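Subject: Structure handover

Hello,

Here is the structure I promised to pass on. Please open it beside this email and follow along.

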Amino acid sequence: REMAAGNIDRDQDNLVLLSQLWSQAREHKRSIPILREAARASGDGELYYRLGQVLLADEQYAASQTALENAVRRGGMDREDTGDAWLLLGTARFNQAGPADTEIWANARRAFVNAQRYQTASARASQWISYIDAVIQTHEDGIALERRQTLERCVEDIRRLDQQQRIRDLQNREPSATELANDQEIRSRCEPLINPPSDDAEGGEDGDAATDEQE
């Protein structure tokens with residue numbers, strides 16, 4: 001009230017204090033815009049780190065990611081807070097992933113790899129990395145299993161079509177329109193899986209390598 005009336009300066013220290021008071025009153029949603037205002041006026045990443053913490057606790061994962069990315073980019077924090085910022089950034093990213101969002105998993109993993117460089121965050125970051133690796137492996141195993149099952153079904157379908165054709169040949173009978181359509185649909189779907197094209201494509205490999213995130 002007094003800040004709105006102009007009796008208390010709307011400076012960074014008072015904005016931070018006001019945000020803390022709203023948080024202590026468990027009014028997190030009211031503390032967030034105040035802390036964001038203070039962070040924008042700050043020259044380093046400390047307040048963005050605090051903002052990212054509050055947003056993560058409020059399950060605003062995308063906004064938390066943005067704040068924490070600002071924190072590590074601006075720097076100016078001690079090593080403990082920097083390590084924790086990378087750890088929280090990985091958590092914010094991971095929590096936005098769906099059941100097959102491999103790119104988001106990879107982005108989260110990169111943040112945890114950065115967190116490993118800091119003693120206070122290293123153990124937790126390593127646990128996260130192991131968990132993400134297990135999630136990715138399970139996902140890839142599921143895809144591989146599905147491909148094997150699809151291939152097995154296709155091999156059986158092609159075998160059945162060939163047998164039906166041999167029977168028609170013995171009967172000296174032409175396939176019906178329905179049989180032809182069914183044959184073409186199955187072969188066009190299955191033959192590329194059974195006999196995939198060679199890897200000798202023109203152009204070669206892309207030599208550009210992705211760069212790691214830097215502190």
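Below is what was found, grouped by region. One caution before you start: this is a predicted model.

**The disulfide**

Start with the cysteines. The count comes to 1 disulfide. Cys154 and Cys190 form the bond, and their sulfur atoms sit 2.2 Å apart. A pair needs its sulfur atoms within 2.5 Å to count. What does the bond tie together? Cys154 belongs to helix H7 (residues 119–171) and Cys190 to helix H8 (residues 177–194), so the bond joins parts that are 36 residues apart in sequence. Look along the S-S bond of Cys154 and Cys190 next. Its torsion is about -65°, so this disulfide is left-handed.

Are these two cysteines buried or exposed? Cys154 has a relative accessible area of 1%, so it is buried. Cys190 is buried too, at 0%. The cut-off for buried is under 20%.

Stay in helix H8 for one more residue. Asp183 is found there. Its relative accessibility is 13%, so Asp183 counts as buried. Now find Asp162. Asp183 and Asp162 are 21 residues apart along the chain, and 9.4 Å separates their C-alpha atoms.

**The aromatic rings**

Next, show the aromatic side chains. The count comes to 4 aromatic pairs. Two of the pairs are described here.

Take Phe94 and Tyr131. Their ring centres are 5.8 Å apart and their planes meet at 65°, so the pair is edge-to-face. Phe94 is buried, with a relative accessible area of 13%. Tyr131 is at 45%, so it counts as partly exposed.

Now take Phe112 and Trp128. Their ring centres are 4.9 Å apart and their planes are at 10°, so this pair is stacked. For stacking, the planes must be under 30 degrees apart. This pair also links distant parts of the chain: Phe112 lies in helix H6 (residues 102–115) and Trp128 in helix H7, 16 residues apart. Phe112 is at 0% relative accessibility, so it counts as buried. Trp128 has a relative accessible area of 24%, so it is partly exposed.

Ring pairs link Phe94, Phe112, Trp128 and Tyr131 into a cluster.

Thr91 lies in helix H5 (residues 79–94). Its relative accessible area is 15%, so Thr91 is buried. Which residues does Thr91 touch, leaving out those up to four places away in sequence? They are Leu56, Phe112 and Trp128.

Compare its position with that of Ala71. Thr82 and Ala71 are 11 residues apart in sequence, and their C-alpha atoms are 8.2 Å apart in space.

**Two positive phi angles**

Check the backbone next. Most residues other than glycine have a negative phi. Arg26 has a positive phi of about 60°, although it is not a glycine. Where is Arg26? It lies in the loop between helix H1 (12–24) and helix H2 (28–40). Arg26 is exposed, with a relative accessible area of 73%.

Glu59 has a positive phi of about 60° too, and it is not a glycine either. Glu59 lies in the loop between helix H3 (46–57) and helix H4 (61–74). At 56% relative accessibility, Glu59 counts as exposed. Exposed means over 50%.

**The largest pocket**

Finish with the pocket. How much space lies in the largest pocket? The value is about 180 Å³. Its lining is made up of Arg1, Glu2, Met3, Ala4, Ile8, Arg10, Asn14, Leu17, Leu18 and Leu21. By class, that lining has 6 nonpolar, 1 polar and 3 charged residues.

Send me your questions once you have looked through it.

Best wishes

Methods: Residues numbered from 1 in each chain as written. Predicted model: local features only at pLDDT ≥ 70, side-chain atom pairs only at ≥ 80, totals over all residues. Heavy atoms only, no water. 1 Å grid on protein atoms, 1.4 Å probe; cavity = no way out; pocket = protein on both sides within 12 Å on 5 of 7 lines; lining within 4 Å. Points joined across faces, edges and corners; volume = space filled by probe spheres on them. Nonpolar A, V, L, I, M, F, W, Y, C, P; charged D, E, K, R; others polar. Helix = DSSP H or I, 4+ residues; strand = E, 2+ residues; numbered from the N terminus. Buried < 20%, exposed > 50% of the residue type's maximum accessible area, 1.4 Å probe, protein only. Contact = heavy atoms within 4.5 Å. Phe/Tyr/Trp six-rings, centres within 6.5 Å; stacked < 30°, edge-to-face > 60°.
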